[in-house]
Amino acid sequence: MRFLSIYKTVERGVPPTQEEMARMGKLVEDAMKAGYLLATEGCLPSAAGARVRSTNGKLTVTDGPFTESKELVGGFAILQAGSREEAVEYARQFLLVAGDGECELRQIFEAGAAVCAAPRV
Amino acid sequence: MPAADPHRAIEAVWRIESARLIAGLAHMVHDVGLAEELAQDALVVALERWPESGVPDNPGAWLMATARHRAIDHFRRNKLLERKHAELGRELESQEMAMPDFDTVNDDDIGDDLLRLAFIACHPVLSKEARVALTLRLLGGLTTQEIARAFLVPEPTIAQRIVRAKRTLAEARVPFEIPRGPDRAARLSSVLEVIYLVFNEGYSATAGEDWMRPALCEDALRLGRTLAELVPNEPEVHGLVALMEIQASRARARVGPAGEPILLLDQDRTRWDHILVRRGLAVLQRAGQLGGALGPYALQAAIAACHANARTAAETDWRRIAALYDALAQLMPSPVVELNRAVAVSMAFGPEAGLELLESLAGEPSLQAYHLLPAVRGDLLTKLDRLEEARAEFERAATLTRNARERSLLLGRARACAPGSAPS
């Protein structure tokens, strides 16, 4: 089964240090090697982004930065895991390196795949 | 909010960490069976403590430290035993009883230890079934129960198979090492074979009700991706991983809503998993960049890539596929490869050309019970509008397959050949 991990954190306004980049690079490399990390990307500051919303059929576009939100999406990962607990463990390992913030884990719909309510059978 | 179940969290940690743990321990104690027992002991301690203390920040290191203590206890006991035996005047091989150096393992070596573990689990002294079971157990982190379920075999059978395999390795005194020299290629191909066996058992189950068991495919992919990073300069490892990634990319497109199989050319290609396709194509490129002629896995991956690169079935480059099968047939001559070559040739140059190649396979003893030979013949005969002959072939194929889903697909094709039935 697969999980989308959406990482949310407070926007710091400063780029990560060399050391932080190196630690994250090592984690990503190890995770890719281990095969559980299928895809991951990190986001630039929200100033480079925009929000596109449809309300009652009317589209509004708000350019970044998104100053009104406390925690913002900082990146995502697609994880291959044998159980929800396994995905939680990967998210935990990620947060140990990434620092404060939250990973929202969502199981990805896959036709024919069992919903992860029961252990692997 | 429900609290996370600590036991399931520990199971997850086990699945992630056990291979490295067992590999590191085997390095210390020179005995895979003992290493696994020590790792299991550490798991038992974790199951006792973690529900209260919580999962430690570095669970792998915690498990390793705990197992290491167990190992030291174990060898102290044996030392004591040795002394007692010595007092009784018995001879013992002191080397085996010597206290191992517990500080020799560090994180940098763990890759090599994992590789040693893969080589020993797939050692040729073991039967193929034993290699598969031991690999899933030691490297895949699966429980005996999970392996038994995956292979539809009673749990005690798998348990026995693993016990016997460990005993065979101990009795044969198989060293915990990375083979060098001429031995290496053969040993590596045994590891690749085991991984592909696991994949295929998941991808086209040889028995049972379901056509696929995706968890086994995922296990095989995990093993393959790990191995590819352990031996990054072996093109065939990348070839195998590419082959598995591309085949797995079709998993959700090859089963219909009622669980029935959908053949490659009939699949809705938008349903292919393009993350896996991209990974597969990238890995195949890596195999090619390492230089030299493509090996059997890389060639099969190249064939799979031809399909992956075709947006519609009609755009398939069958001439290239036929040429790749030619190369494969020369490298790895086998009736099954010939059968596939015949299919590719029929697509590139017409059904008569394919049927002609099949004629030469008709007397092949190893294909007498192989359902795909009559299935392919039936398909080509249908294209030539020789429906009566085609029906007989599909019916024959249906009696030969052991898979229920495939049987009903073949019987459906046989019925479609009957006079008066609508063309399929």
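Modeller: Helix H14 (residues 318-331) of chain B has 14 residues and spans 20 Å from first C-alpha to last, close to the 20 Å expected at 1.5 Å a residue. Helices (H or I, at least four residues) and strands (E, at least two) are DSSP runs, numbered from the N terminus. The expected span is 1.5 Å times one less than the number of residues. This is a predicted model, where local features need pLDDT of at least 70, side-chain atom pairs count only at pLDDT 80 or more, and totals for chains, interfaces and linings use all residues. Residues are numbered from 1 along each chain as its sequence is written, with chains lettered from A and ligands numbered from 1 in the order in which they are written.

Colleague: Which residues of H14(B) are called buried?

Modeller: Ile321(B), Ala322(B), Leu324(B), Tyr325(B) and Leu328(B).

Colleague: What puts them on the same side of H14(B)?

Modeller: They cover an arc of only 160 degrees around the axis, so they share a side. The arc is taken over directions from the helix axis to the C-beta atoms. Their cover includes helix H13 (296-309) and helix H15 (335-349) of chain B.

Colleague: How many helices and strands does chain B have?

Modeller: Chain B has 19 helices and 0 strands. Of its 424 residues, 43% count as buried.

Technical notes
A residue is buried if 20 or more other C-beta atoms lie within 10 Å of its own, exposed if 12 or fewer, and partly exposed in between; C-beta atoms are placed from the backbone. Two residues are in contact if their C-beta atoms, placed from the backbone, lie within 7 Å.
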